[in-house]
Amino acid sequence: MADAGKKTVVVKEGYLVTGKAEKVVEIDVDTFLCKGCGICVEMCPRKVFEWSRELSEKGVHYPIPVNADKCVKCKLCELLCPDFAIAVRW
Ligand code: SF4
Ligand code: SF4
């Protein structure tokens with residue numbers, strides 16, 4: 001049975017796209033810094049990210065943490081992003 005408290009909510013404010021799973025994790029993607037390389041999308045073991053349909057200010061598709069509720073807090077995405085565009089907090 002799905003836990004409603006862990007359901008992902010995605011919000012976009014300015015350059016920041018945030019996927020939140022309440023009481024679990026918050027994943028911020030800075031769309032101004034992101035160059036759309038796809039490392040985070042490919043390397044996340046839980047397939048947390050999906051590509052945006054729209055283009056960013058830089059003219060690239062960016063990852064959206066649509067499945068933040070599945071995040072295991074390994075921080076791989078944050079550590080591997082070459083442009084320091086992701087922050088994972090809990
Ligand atoms: S911390 Fe790990 S599981 Fe969570 S989004 Fe990043 S790579 Fe995926
Ligand atoms: S690894 Fe960083 S630069 Fe590459 S797509 Fe992900 S957020 Fe963007």
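**Close-up 1. The salt bridge between glutamate 78 and lysine 75 in the predicted model.** The closest N and O atoms of glutamate 78 and lysine 75 are 3.0 Å apart. Glutamate 78 is partly exposed, with a relative accessibility of 23%. Lysine 75 also counts as partly exposed, at 26%. The model contains 5 salt bridges by the rule applied here.

**Close-up 2. The salt bridge between aspartate 28 and arginine 89.** In this pair the closest N and O atoms are 2.3 Å apart. Distant parts of the chain are linked: aspartate 28 belongs to strand 3 (residues 25-30) and arginine 89 to strand 6 (residues 86-89), 61 residues apart. Aspartate 28 has a relative accessible area of 5%, which means that this residue is buried. Arginine 89, with a relative accessible area of 45%, is partly exposed.

**Close-up 3. The salt bridge between aspartate 83 and lysine 35.** The closest N and O atoms of the two residues are 3.2 Å apart.

**Close-up 4. Residues around ligand 1.** The shell includes Cys44, Cys71, Cys74 and Cys77. Also around ligand 1 are Ile27, Pro45, Val48, Phe49, Val72, Lys73, Lys75 and Leu76. By class, the shell has 10 nonpolar residues, 2 charged residues and no polar ones. Lys75, listed here around the ligand, is the lysine that forms a salt bridge with glutamate 78.

**Close-up 5. Proline 65 and the residues in contact with it.** Proline 65 is located in the loop between strand 5 (63-64) and helix 2. With a relative accessible area of 0%, proline 65 is buried. Apart from neighbours within four places in sequence, its contacts are Thr8, Val10, Val17, Thr18, Gly19, Ile27, Val29, Val48 and Phe49. Among these contacts, Ile27, Val48 and Phe49 are also residues around ligand 1. Phenylalanine 84 is 19 residues from proline 65 along the chain, and the C-alpha atoms of the two are separated by 16 Å.

Notes:
Residues are numbered from 1 along each chain as its sequence is written. Chains are lettered from A and ligands numbered from 1 in the order in which they are written. This is a predicted model: local features need pLDDT of at least 70, side-chain atom pairs count only at pLDDT 80 or more; totals for chains, interfaces and linings use all residues. Side-chain values use heavy atoms; hydrogens and water are left out. A residue is near a molecule or strand if one of its heavy atoms lies within 4 Å of it. Ala, Val, Leu, Ile, Met, Phe, Trp, Tyr, Cys and Pro count as nonpolar, Asp, Glu, Lys and Arg as charged, and the others, Gly among them, as polar. A salt bridge is a side-chain nitrogen of Lys or Arg within 4 Å of a carboxyl oxygen of Asp or Glu. Helices (H or I, at least four residues) and strands (E, at least two) are DSSP runs, numbered from the N terminus. Buried means under 20% relative accessible area, exposed over 50%, partly exposed in between (1.4 Å probe, protein chains only). Contact means heavy atoms within 4.5 Å.
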